[in-house]
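Please find below a short note on the structure shown here.

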Amino acid sequence: MKNSNSFKPNRLVNEVSPYLLQHAYNPVDWYPWGDEAFEKAKKENKLLLISIGYSSCHWCHVMENESFTDEHVAKIMNKRYVCIKVDREERPDIDQIYMNAVQIITGRGGWPLNCFALPDGRPVYGGTYFPKENWASILESLDETWKNEPNKILEVADEISQGISKTEIIHSKVDKDNVDFKNLLQKNLSSCKEQFDLKLGGTRGAPKFPMPGLIKFLLTAGQHSGQKELLEHVFLTLEKIANGGIYDHIGGGFFRYSVDEKWFVPHFEKMLYDNAQLVEVYSLAYRINPNPTFKKVVEQTISFAERHLQSQQGGFYSSLDADTAGQEGGFYTWQKSELEQCLKDDSELLSVAYGITPVGNWENKNIPFRALTSSQLSSIFGLSEHEVDLKLESGLKKLNDYRSYRVPPIVDDKIITSWNALMISGLIASYNTFAIEHHLDLALGIANYITNNHITDNGEVLRITCKEKTYGAGLLDDYAFTANAFIQLFLTTHDKKWIDLTEKIVEKAFEQFFDDGSGMFFFTPHNTELIVRKMELMDGVMPSASAIMVKVLNQLAEIKNIDSYRKSSYQMLANVSKHIEYGNVFVYEWANQILTTILPTTQIKINTANLQEDERYIKSKIVFPNVLFVNSEDIPNKYLICIGNVCQSPTDNIDDIVKWINAIKFEYY
């Protein structure tokens with residue numbers, strides 16, 4: 001096997017995606033997704049191999065190194081198949097279809113995703129990572145079946161295609177008057193509780209994903225119900241994640257997930273969408289539980305993203321690679337001798353604090369995690385807790401400086417609209433919680449970048465900028481997440497520009513994605529070239545774009561008094577009622593929107609000279625989703641709160657407003 005860079009470039013050399021460019025010097029004759037590959041497959045009557053991944057994925061690198069740079073394997077692939085490489089972050093709509101197929105075939109999914117398909121794109125077989133020996137065997141046997149018994153392959157394609165067409169698609173409207181939303185919410189909360197890991201936080205089993213949207217839903221539901229166990233579970237989960245190896249204690253920021261149930265061994269890629277959402281949920285949680293760890297995590301994560309992911313133009317890049325110089329987690333793991341060399345006399349304190357041992361705590365190396373509290377360390381080392389904290393802070397800074405001389409992980413420099421919108425929402429939540437003006441400035445910088453580069457004059461959204469090229473039709477998540485972020489900006493700055501842009505984006509979303517027959521939004525625009533148009537109904541690590549559209553429509557209905565938007569959002573919730581009832585933790589954003597629908601709209605009138613300051617103070621103490629602030633000189637005192645149609649007595653004490661909001665329970669409405 002040769003070094004991959006010694007091969008002649010294939011067609012991917014003309015692409016801009018970092019993931020596709022990683023494969024540009026494979027001996028595999030890769031095609032980008034497009035007509036050329038499909039026409040060749042039809043002309044030569046060959047099956048397609050559609051291989052999907054992303055640049056920061058460890059197992060994608062493993063399969064590339066084992067199989068896609070191997071000349072013998074590449075020769076089989078080139079002779080028998082037309083091979084297509086897809087960056088799932090560029091084209092999640094393609095990934096959605098073939099992931100669905102692989103889940104039907106194998107019962108599970110993941111990346112790399114390798115799916116074989118007919119020349120017309122209909123899938124016939126697939127899986128995730130294949131060891132080289134298995135891969136070569138599958139390549140040969142499937143091709144032999146296609147040549148000798150094509151009817152078998154065609155029958156499988158029909159069966160899988162029917163399965164795909166029945167999942168994550170709603171064909172008709174449900175009568176919303178027959179849906180008991182409150183009962184639906186109670187059932188969903190009960191089913192979520194059954195999944196809780198009561199000892200380690202999150203949901204039971206491994207691998208463990210943080211699922212920030214689920215945590216956010218449980219936080220709001222816990223605060224506005226009588227179910228205190230929900231809040232207890234949220235705070236347990238957030239503490240376990242913040243103390244685990246899944247958090248980068250030295251440089252800040254979160255890794256994508258942990259392979260174990262203890263949040264200890266991470267998959268070492270750092271994704272913008274994870275960090276953006278976790279900034280938001282830790283900021284919100286701090287409002288109810290002002291745990292200093294939550295604030296530290298928010299500040300360090302934003303600082304990490306700003307240092308390593310922010311472009312000069314203001315947008316944020318997608319991710320950092322899991323591997324460094326071919327070694328998984330190489331940038332983030334440690335030998336104890338390195339700490340001794342760097343920290344001298346303080347090395348033992350930091351080693352004990354973060355679980356660093358001479359033999360290593362993972363594959364002969366050490367993943368830092370918070371093993372002991374400052375109180376425990378104080379007792380062991382005979383120092384005050386304040387001294388312990390100062391020494392740890394100083395030691396971590398020195399280790400971060402030391403680490404900066406290592407070969408850094410490769411940055412995926414795609415600027416993706418939807419992920420940047422999530423970062424805006426996270427930064428706005430942080431600003432409203434901690435009053436750090438810089439976080440608002442960062443949010444406005446991203447929003448202005450998106451507006452100037454990714455949104456056309458008529459409201460059309462483009463998905464990606466990479467290497468100074470902006471391209472790709474926006475998908476529903478680009479529209480929904482951006483509209484949601486701009487609404488948060490409007491509610492924070494009161495700059496009408498952002499709500500006007502939101503309306504324009506939503507109008508274009510109706511034009512491009514809305515289905516009159518079902519009252520739902522497709523994930524792909526009307527001119528898609530894919531074998532089927534899917535809807536995104538299930539929530540994952542990121543919330544369903546359709547559920548976020550419900551949120552956007554509800555917010556616009558309240559702000560602009562547009563009743564048609566309110567009716568559309570209710571219809572969508574009714575349409576997915578069965579999914580919500582049985583989907584437990586995988587429909588959290590839909591359940592969150594039901595909660596928002598049930599909770600009354602609360603209007604707060606303020607008669608002071610410091611409207612925005614008072615507004616931000618109230619927001620910093622609540623997670624209630626339905627609050628509108630009004631500047632009013634018609635009230636006798638400084639503040640008046642009206643919950644639904646019931647107004648409390650006017651008050652001069654702003655904390656009365658906070659108390660009344662936090663006491664609202666959805667069961668009473």
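1. The link of Cys 57 and Cys 60 is right-handed, with 85 degrees about the S-S bond. The sulfur atoms of Cys 57 and Cys 60 lie 2.5 Å apart, and a disulfide is defined as a pair of cysteine sulfur atoms within 2.5 Å. Both Cys 57 and Cys 60 are buried; buried means under 20% relative accessible area, exposed over 50%, and partly exposed in between, with a 1.4 Å probe and protein chains only.

2. The model is a predicted one, in which local features need pLDDT of at least 70 and side-chain atom pairs count only at pLDDT 80 or more, whereas totals for chains, interfaces and linings use all residues. Residues are numbered from 1 along each chain as its sequence is written, and side-chain values use heavy atoms, with hydrogens and water left out.

3. Cys 642 is buried at 9% relative accessible area, whereas Cys 647, at 44%, is partly exposed.

4. How many disulfides does a search of the whole structure find? The search finds two. With the bonded cysteines numbered in sequence order, their pairing reads 1-2, 3-4. Cys 466 is in no disulfide, and the nearest cysteine sulfur, that of Cys 60, is 17 Å away. Cys 466 is buried, at 0% relative accessibility.

5. An open sheet is formed by three strands in the order 13-14-15, with antiparallel pairing. Strands are DSSP runs of E of at least two residues, numbered from the N terminus, and two strands pair if DSSP finds at least two bridges between them. Strand 13 (415–416) and strand 15 (469–473) each have a single partner strand, so one side of each is left without a neighbour in the sheet. Strand 13 is joined to strand 14 (residues 462–466) by two bridges; Ile 415 has Thr 465 of strand 14 as its bridge partner.

6. The largest nonpolar core holds 175 residues, and those touching the most other members include Met 77, Trp 135, Ile 424 and Trp 590. Such a core is a set of buried Ala, Val, Leu, Ile, Met, Phe, Trp, Tyr and Cys residues joined through side-chain atoms within 4.5 Å. Apart from this core lies another, of 25 residues, among them Phe 38, Met 99, Ile 164 and Ile 169.

Key
Helices (H or I, at least four residues) and strands (E, at least two) are DSSP runs, numbered from the N terminus.
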